[in-house]
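Welcome, and thanks for taking a look at this one with me. Please turn the model around for a moment before reading on.

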Amino acid sequence: MAVADRPGARSVPVVPVASGHSIPVLGLGTSHQGGYSHTAVVHALQKCGIRHIDTAKRYGCESLLQRAIRESAVKREDLWITTKLWHSDCGYESTKKACLESCERLGVEYLGLCKSIGVSNFLISHLEQLKEDCVITPHVNQVEYHPFQRPQELVDYCRRRDIVFEGYCPLAKGEALTHPTIIQLAKKYGRTPAQICIRWSIQNGIVTIPKSTKVERIEENCKVFDFTIAEDDVEILNGMHDGRHVSWDPSFIVFLILI
Ligand SMILES: NC(=O)c1ccc[n+]([C@@H]2O[C@H](COP(=O)([O-])OP(=O)(O)OC[C@H]3O[C@@H](n4cnc5c(N)ncnc54)[C@H](OP(=O)(O)O)[C@@H]3O)[C@@H](O)[C@H]2O)c1
């Protein structure tokens with residue numbers, strides 16, 4: 001893990017991606033559900049050192065992000081932006097068109113056209129299938145990851161193939177924050193339950209993208225680089241996996257493409 005040199009902003013460590021680029025380990029999620037906050041995105045970029053934003057065509061907020069990115073005055077080259085196409089955008093021409101439309105809505109010239117190519121919700125079986133059909137190994141796989149959902153076999157598989165594992169729903173959509181074990185660990189470390197979840201993901205080597213529409217929560221979620229969870233407590237959190245999904249179960253197969 002390297003620390004990006006970004007004078008003036010709090011730095012978020014980055015990890016290398018097989019495409020030759022690097023991805024900040026902490027990003028900001030956005031969503032069509034639960035609202036979108038312009039103020040929160042601008043604050044994350046200007047005050048919290050966030051240089052990684054996750055969105056999707058489906059979330060309907062790409063145009064809103066254009067305004068927030070512009071207002072933040074953060075340069076395009078300093079930002080990692082992930083967007084996702086929908087599975088109906090399949091086929092070379094449709095994919096290219098959908099990428100260009102996303103670029104237009106986001107107000108950016110490239111996603112490279114795509115500088116790094118990823119997938120989302122791909123399990124080992126899907127990645128094996130992709131190996132049969134494609135020459136490029138995906139650079140990133142974005143999958144649900146939080147204390148109740150820790151697909152270690154998939155994480156290990158991605159590591160072996162040099163695919164960055166990016167975890168979404170790190171707070172289990174808020175469900176993890178009221179769990180007694182997490183509350184207890186938060187008290188022990190003098191942190192909040194959200195910080196424990198986010199720090200745990202990062203210590204497990206997972207790129208993570210918590211979402212909040214509240215400035216004070218974004219501040220909180222970004223203050224995770226000045227403490228360490230002891231190994232035995234990481235093991236306690238690792239042991240909380242019960243296989244539950246708070247988003248959806250990808251074993252029902254929908255292919256999404258990340259750029
Ligand atoms: N690829 C996929 O299929 C997929 C699926 C789901 C999500 N995602 C991505 O992952 C991102 C994160 O997932 P998510 O939003 O579903 O779940 P999440 O980040 O685990 O949880 C977000 C929820 O927690 C609340 N929250 C955030 N910070 C908090 C804090 N410090 N204290 C208390 N509550 C807090 C948020 O409410 P407020 O907003 O009110 O603060 C929101 O209700 C999404 O935004 C999206 O970019 C991808």
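## Ground rules

This is a predicted model, so a word on confidence: local features need pLDDT of at least 70, side-chain atom pairs count only at pLDDT 80 or more, and totals for chains, interfaces and linings use all residues. Residues are numbered from 1 along each chain as its sequence is written, and side-chain values use heavy atoms, with hydrogens and water left out.

## The whole chain

The protein chain holds nine helices and 12 strands; both are DSSP runs numbered from the N terminus, helices being H or I with at least four residues and strands E with at least two. Its C-alpha trace spans about 55 × 40 × 35 Å along the principal axes.

Of the 259 residues, 52% are buried. Here buried means under 20% relative accessible area, exposed means over 50%, and partly exposed lies in between (1.4 Å probe, protein chains only). The accessible surface of the chain comes to about 12000 Å², and carbon and sulfur atoms own 52% of it. These areas come from the Shrake-Rupley method with a 1.4 Å probe, and for residues only the protein chains shown count as cover. Among contacts (heavy atoms within 4.5 Å) with a separation of 6 or more, 71% join residues 24 or more positions apart.

## Around the ligand

Which residues come nearest to the ligand? Out of the 28 residues around the ligand, they are Thr30, Asp54, Lys173, Ser212 and Lys214. A residue is near a molecule if one of its heavy atoms lies within 4 Å of it. The table lists polar contacts, which are pairs of N or O atoms within 3.5 Å; within protein, one must be able to donate a hydrogen and the other to accept it, and residues adjacent in sequence count only if both atoms are side-chain atoms.

| Residue | Protein side | Ligand atom | Distance |
|---|---|---|---|
| Ser120 | side-chain N or O atom | nitrogen | 2.9 Å |
| Ala172 | backbone N or O atom | oxygen | 3.3 Å |
| Thr213 | polar backbone atom | oxygen | 2.9 Å |

On its own the ligand has 910 Å² of accessible area, and the protein covers 86% of that.

Ala172 has a positive phi of about 55° although it is not a glycine. Most residues other than glycine have a negative phi. Asn121 is another non-glycine residue with a positive phi, of about 65°. Asn121 sits in the loop between strand 8 (118-120) and helix 4 (124-133), and is buried with a relative accessible area of 3%.

## Two helices with a buried face

In helix 4 the residues His126, Leu127 and Leu130 are buried. They fall within an arc of 95° seen down the helix axis, so they line one face of the helix. The arc is that of the directions from the helix axis to the C-beta atoms. Strand 8, strand 9 (140-144) and helix 5 (152-160) are included in what covers them.

Helix 6 (residues 180-189) has the buried residues Ile182, Leu185 and Ala186. Down the axis of helix 6 these fall within an arc of 105°, so they too line one face. Their cover includes helix 7 (193-203) and helix 9 (231-238). Turned away from the buried side are the exposed residues Pro180, Gln184, Lys187 and Lys188. Pro180 has a relative accessible area of 59%. Just after helix 6, Gly190 takes a positive phi of about 65°.

## Two buried loop residues

Met240 lies in the loop between helix 9 and strand 12 (256-258) and counts as buried at 11% relative accessibility. Not counting residues up to four places away in sequence, Met240 touches Pro147, Phe148, His179, Thr181 and Ile182. Ser31 is found in the loop between strand 4 (28-29) and helix 1 (38-47), and counts as buried at 13% relative accessibility. With the neighbours up to four places away again left out, Ser31 touches Tyr36, Tyr59, Cys61 and Lys211.
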